[in-house]
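This report examines selected features of a protein model. Please consult the sequence and the structure as each section is read.

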Amino acid sequence: MSKSGAVGKVAKSLFSGAKKWIIFGGAAVIFAGAAITSYVFVFNQPATPADQPVFAPNAQIGILPGKTDEQIEELLSKTIDENTIAFSINSNAVFENARAKGNLMLESPSNNINYIEFVIRRNDTGDVLYRSGLLKPNQYILEDSLQTKTPLTKGSHECTADITLYDKETLQAKGMVQAALTITIKT
């Protein structure tokens, strides 16, 4: 074997060994990149639609029926800014039975700037009885059914409504106020 032939075999041998390391190193880099990408994708996600509040499917457009001209004028004359919540709620909601619709009378007046959501809880247990979904300005829910797994018993139930203000651009909660109400189940 000539000297150049031996050098060529050694060079091929070294090159094929280096080639294996390059392939192995490349595979390791690809694996690491895939792992980092998976981590970022899984753990660094923006809020998903499941995390976002939903709009009230049964909201009506307009002013809550039954208001007098004076009540409407008073409500609309209030100055509202980005961090203020204007709302109406029936403080004595009545339901014929635990599965029937009752007169909740929830309203987001037209002078609101952002969206609002009503969540009604029992004072004695903290259980959520009703969640409206987001109401845009100039929307209302006149009546609706309670959303409980176990029906409320006949009688009066002291409750609190959490009225949360949501930014209309980001749908992020900006603040909350509370209102007391009584839910009465007739039968």
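Is Asn90 buried or exposed? The model under discussion is predicted, and in it Asn90 has a relative accessible area of 14%. Buried means under 20% relative accessible area, so Asn90 is buried.

## The surroundings of Asn90

Asn90 is situated in the loop between helix H2 (69–77) and S2. Leaving out residues up to four places away in sequence, Asn90 touches Asn103, Leu104, Met105 and Leu181.

Met105, one of the residues touched by Asn90, belongs to the loop between strand S3 (101–102) and strand S4 (106–108). Its relative accessibility is 25%, and Met105 therefore counts as partly exposed. Most residues other than glycine have a negative phi. Met105, although not a glycine, has a positive phi of about 55°.

Pro65 and Met105 are separated by 40 residues in sequence, while their C-alpha atoms are 8.8 Å apart in space. Pro65 occupies the loop between strand S1 (60–61) and H2. With a relative accessible area of 39%, Pro65 is partly exposed. When neighbours within four places in sequence are set aside, Pro65 is in contact with Tyr140 and Leu142.

Asn138 is not a glycine either, yet has a positive phi of about 70°. This residue is placed in the loop between S6 and strand S7 (139–141). Asn138 counts as partly exposed, at 27% relative accessibility.

In soluble globular proteins, nonpolar side chains tend to be buried together. In this model, the largest nonpolar core contains 26 residues, and those with the most contacts inside it are Leu106, Ile120, Leu135, Leu146 and Ile183. At least two residues of this core come from each of strand S2 (92–95), strand S5 (115–122), strand S6 (128–135), strand S9 (155–166) and strand S10 (173–185).

Not counting residues up to four places away in sequence, Leu146 touches Phe95, Leu129, Tyr130, Leu152, Ile183 and Ile185.

## The largest pocket

Which residues line the largest pocket? They are Lys67, Gln71, Leu75, Lys78, Ile85, Ala86, Phe87 and Ser88. By class, this lining has four nonpolar, two polar and two charged residues. The volume of the largest pocket is about 160 Å³.

Technical notes
Residues are numbered from 1 along each chain as its sequence is written. This is a predicted model: local features need pLDDT of at least 70, side-chain atom pairs count only at pLDDT 80 or more; totals for chains, interfaces and linings use all residues. Side-chain values use heavy atoms; hydrogens and water are left out. On a 1 Å grid over the protein atoms alone, a cavity is a set of points where a 1.4 Å probe fits but cannot get out, and a pocket is an open set with protein on both sides within 12 Å along at least five of seven lines; lining residues have an atom within 4 Å of a point. Grid points are joined across faces, edges and corners, and a volume is the space filled by probe spheres set on the points. Ala, Val, Leu, Ile, Met, Phe, Trp, Tyr, Cys and Pro count as nonpolar, Asp, Glu, Lys and Arg as charged, and the others, Gly among them, as polar. A nonpolar core is a set of buried Ala, Val, Leu, Ile, Met, Phe, Trp, Tyr and Cys residues joined through side-chain atoms within 4.5 Å. Buried means under 20% relative accessible area, exposed over 50%, partly exposed in between (1.4 Å probe, protein chains only). Helices (H or I, at least four residues) and strands (E, at least two) are DSSP runs, numbered from the N terminus. Contact means heavy atoms within 4.5 Å.
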